[in-house]
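Here is a friendly briefing to read alongside the structure. Take a look at the model first, then work through the topics below.

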Amino acid sequence: MTSAAFDLASIGAGLSFAAALDDVSAALDAGTSVVISAPPGTGKTTLVPPLLASRGAGRVIVTQPRRVAARAAARRLAQLDGSPLGSRVGFTVRGERATGPQTRVEFVTAGVLLRRMLADPGLDGVDAVIIDEVHERALETDLLIGLLGEVRELRDDLTLVAMSATLDAERIAAVIGSADAPAPIVQHTVPAHPLTERWAPSPTLRLDERGVTGGFLDHVARTAASAARELLRDDPTADVLVFLPGAREVAEVARRLGREPGGFDVRELHGQIPAAAQDAVIRGRGPSDAPRIVVTTALAESSLTVPGVRLVVDSCLSRSPQRDAARGMSGLVTAGSARSSAVQRAGRATRQGPGTVIRCVDERTFAAAPARPAPEIATADLADAALLLACWGAPGGSGLRLIDPPPADALAEAQAVLHDLGATDADGRATAEGRALARIPVDPRLARALVEGSALVGAGPAAEVVALLGGDLRVADADVAAAVQALRHGRGPDARRWAQETERLQRFTKPAPAARGRVDDAGLVIALAFPARIARRVERTADGATFVLASGTRAGVSGSLAGAEWLAVADVARASGRAAAGSGAVIRAAAVLTEAQAERAADHLITDRVEAEFSGGRVTARRERRLGAILRSSVPVRPTAAEGRDAVRRALQAQGLGVFAWSDPADQLRRRLALLHHALGAPWPDVSDAALTAALDDWLGPEIDALATGTPTARIDLVPALRRLLPWPAAAELDALAPERLEVPSGSRIRIDYPTYDDPAARPVVAVKLQECFGWAQTPRLAGGRVPVLFHLLSPAGRPLAVTDDLASFWSGPYAQVRAEMRGRYPKHPWPEDPWQATPTRHTKNRAAREARPRD
């Protein structure tokens, strides 16, 4: 049986995609890449792999985004082929494998193929790779497309097929095609059965700070049960499919449905249930079986087909990885699902005939949802992806044809994590340690904890904690140590899966002398993985406690962990309400840690230094011992001169030059220099805040030394400091180019009001009585004739008469009107018709005039 060709006619019986196989063959005859788009349940995942296997002698690898989908697809194809699973058709997922030498079609998760390619970049013996469910834009799927594109540059015989239920076909075709032309697209459509849409918004909130609310889960269960009873009266053969965001919500709703009347067979379908239970759901029910309500996650959205479904109840919620750059946190976040996901879910009700979807939101909420989910590469933590790219020889994805590039900030953060782990060098290339970590199929931080923790607490305890954190098991009350203890004594499917994963991870550790293994060592293992998440309690409240993490994030926790002084935090997420204790974040998984363990795991974050501060006009200092942002001790000390200078510089850079009390002479000198810099440029200095702050040592060195030794800011004279900036020999021209006072024709020397240093368009101003300007035919200019003075001309009583920077135009025009109005009011003062030729009058009786006289 193993050497015979696949019987496509037999396998494709009853599958609508069988009609599209000729189109796929024609596309492959023309090239080695093709994009296939077809609705869920049409049979593309079942038919395309044996089609490609029939075209060559090598193996065909089919990737799936989830383990359960890979196992189910392999079992389905093997059953239709009539061959034992693991012979002609097999699968490989994390912790489980069913393949043999004669395997022609192998279903794998994308992560399995990525790590396989690190060991075998050429994919020897593989004729074709099929990437299924591309529309989900899983991170590992996106990376695979980039890596396979590079492999195909060296192997022009390697066939690449991208398949999906709904995808941006043209965009994908451009990426996987050749440099000259995009890949051909095969689209398969089927007649759409009628779909009835109903809306059942919940009277309670869907989400709060703790996640999905119990009231909303009650509403979903009641809605599903009521609709199922109604459906049963019309069609006893139909089943119901209920979509929820995660396994916890699935279990909660299934439990509620189990108490509802109607005699329904309530089944759960998600990645955490045993494979046999998954298979039982996918097989459907027999004629004599009770009607089913299948409660599932997004797993059944497109990866798996549940037969017999005519009604879909959609919570319109999804759970996806999200990275919080501001807090340095990553995790799964529950939010409203995209409209494209809702359409996919609804389509499950019309695969075999007319169907109904009930969405547990109102139409406005549905319309406001995003059109499609963001690609995972744009939202997820990229540490694992960055390590894989570094091991491939393309740090950051450089040179790869990716659908979307990784965000620069997230990538930089991931590369910093890898460098701190010793996994990459200064150029971003993978080190030998990094390659060793990449072979362990968990996050590189957990891989490091497994390797180093094994030597400290024993391979078994270290693997137990990593298996818990690396899997999708829920940690009750956030206590990892308690969860490990419960799993050790558990007998359920979760405990069995955890034990298998623990055993598998131990194979990646090196033999070491027997080490002690206590449950309380869970904190040390977590701290080795996430040293920046070591936390110390800073406040205890009635509802819990607030901790500060070494990264600087503050987070709350309740329960038994609130009593600990130190914690190693594995999972922290943004939240509000009592659970966050006012910190804005909540600890979702952690273990108690001792201070000695914290020092062992995060020795590179420990600092012991004097922190000097310039505040209130004086320098103070404290000796502080810290672990990252965690303050461990602080005592006052006397600062050295160097520490004081550094404190003053930092204060000036942070607070600006406003810490000084600028005297009037210093302010005027700065304004004069600013005018010359704006008008003439070099060598006259830039005296803006930014420029002066950047050059503190060039002009303020002695004053900084004085402040560092206790001199108050009020006693600091900035005039000599600014004069250090004067260029030589041009400094001798300062008073000529920008004088402090302007001598007017009357003989008075009037102070010039220069504009502020940050207003280059403003003019220097001279306020003077009009009669003192008689005899001036033209406006005087500063800065070598480049800047005219702006005159504020005053009456004999000092009141404003006119503003001008062009005396010639004023004398010949507006002056006549001023003269006509003023000479009757001030008859004792001259008002000549030709003021530019008249003798100026000096007013000495007026106070303003007296102040304007030169001071000896």
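**A buried turn to start with**

Cysteine 316 has a relative accessibility of 5%, so it counts as buried. Please keep in mind that this is a predicted model. The notes below begin with backbone details and move on to rings, cores and open spaces.

**Backbone details**

- Cysteine 316 sits in the loop between strand S15 (309–314) and strand S16 (317–324), and its phi is near 60 degrees, a positive value in a residue other than glycine.
- Alanine 783 also has a positive phi, near 55 degrees, and is not a glycine; its place is the loop between strand S30 (781–782) and strand S31 (787–788).
- With a relative accessible area of 0%, alanine 783 is buried.
- Alanine 682 and proline 683 are joined by a cis peptide bond with omega of about 10 degrees, and proline 683 lies in the loop between helix H24 (664–680) and helix H25 (689–694).
- Another cis peptide bond joins tryptophan 728 and proline 729, again with omega of about 10 degrees; here proline 729 belongs to the loop between helix H28 (718–723) and helix H29 (734–737).

**Aromatic rings and charges**

- The structure contains seven aromatic pairs.
- In one of them, phenylalanine 810 and tryptophan 811 have ring centres 5.4 Å apart and planes at 55 degrees, so this pair is tilted. Planes over 60 degrees apart would count as edge-to-face.
- Phenylalanine 810 also pairs with tyrosine 815 in an edge-to-face arrangement, at 6.2 Å centre to centre with 65 degrees between the planes.
- Ring pairs link Phe774, Phe810, Trp811 and Tyr815 into a cluster.
- Elsewhere, arginine 88 lies over the face of phenylalanine 6, at 4.1 Å from the ring centre.
- Arginine 533 places its charged end over the ring of phenylalanine 530, at 4.2 Å from the centre of that ring.

**Nonpolar cores**

- In soluble globular proteins, nonpolar side chains tend to be buried together.
- The largest nonpolar core here has 97 residues, and those with the most contacts inside it are Met117, Val129, Leu148, Leu468, Val480 and Ile534.
- Helix H14 (residues 383–392) contributes the most to this core, with eight residues.
- What does leucine 148 touch, leaving aside residues up to four places away in sequence? Its contacts are Met117, Leu123, Val129, Ile131, Leu158 and Leu160.
- A second, separate core has 64 residues, including Ala621, Ile750, Leu807 and Trp831.

**Helix H3 and leucine 21**

- Helix H3 (residues 44–53) is mostly covered, with 10 of its 10 residues buried; among them are Lys44, Thr46, Leu47 and Leu51.
- Leucine 21, found in helix H2 (residues 21–30), is buried with a relative accessible area of 9%.
- Not counting residues up to four places away in sequence, leucine 21 touches Leu8, Leu47 and Leu51.
- Leucine 21 and leucine 8 are 13 residues apart in sequence, and their C-alpha atoms are 9.3 Å apart in space.

**Threonine 109**

- Threonine 109 lies in strand S5 (residues 105–109) and counts as buried at 10% relative accessibility.
- Leaving out residues up to four places away in sequence, threonine 109 is in contact with Gln64, Arg66, Arg67, Thr92 and Val93.

**Pockets and cavities**

- The second largest pocket holds about 730 Å³ of space.
- This pocket is lined by 30 residues, and the closest to its centre are Thr46, Ala72, Arg76, Ile282 and Thr305.
- H3, helix H4 (67–81) and helix H10 (275–283) are the elements that give two or more residues to the lining of the second largest pocket, with the largest share, seven residues, coming from H4.
- How many cavities of 30 Å³ or more does a search of the whole structure find? The search finds three.
- The second largest cavity has a volume of about 40 Å³, and its lining includes Leu139, Ile377, Ala385, Leu389 and Pro406.
- Helix H6 (139–154) and H14 each supply at least two residues of that cavity's lining, and H14 gives the most, with three residues.

Definitions and conventions: Residues are numbered from 1 along each chain as its sequence is written. This is a predicted model: local features need pLDDT of at least 70, side-chain atom pairs count only at pLDDT 80 or more; totals for chains, interfaces and linings use all residues. Side-chain values use heavy atoms; hydrogens and water are left out. Rings of Phe, Tyr and Trp (its six-membered ring) pair if their centres lie within 6.5 Å; planes under 30 degrees apart count as stacked, over 60 as edge-to-face and the rest as tilted. A charge sits over a ring if NZ of Lys or CZ of Arg is within 6 Å of the ring centre and within 35 degrees of the ring normal. Buried means under 20% relative accessible area, exposed over 50%, partly exposed in between (1.4 Å probe, protein chains only). Helices (H or I, at least four residues) and strands (E, at least two) are DSSP runs, numbered from the N terminus. A nonpolar core is a set of buried Ala, Val, Leu, Ile, Met, Phe, Trp, Tyr and Cys residues joined through side-chain atoms within 4.5 Å. Contact means heavy atoms within 4.5 Å. On a 1 Å grid over the protein atoms alone, a cavity is a set of points where a 1.4 Å probe fits but cannot get out, and a pocket is an open set with protein on both sides within 12 Å along at least five of seven lines; lining residues have an atom within 4 Å of a point. Grid points are joined across faces, edges and corners, and a volume is the space filled by probe spheres set on the points.
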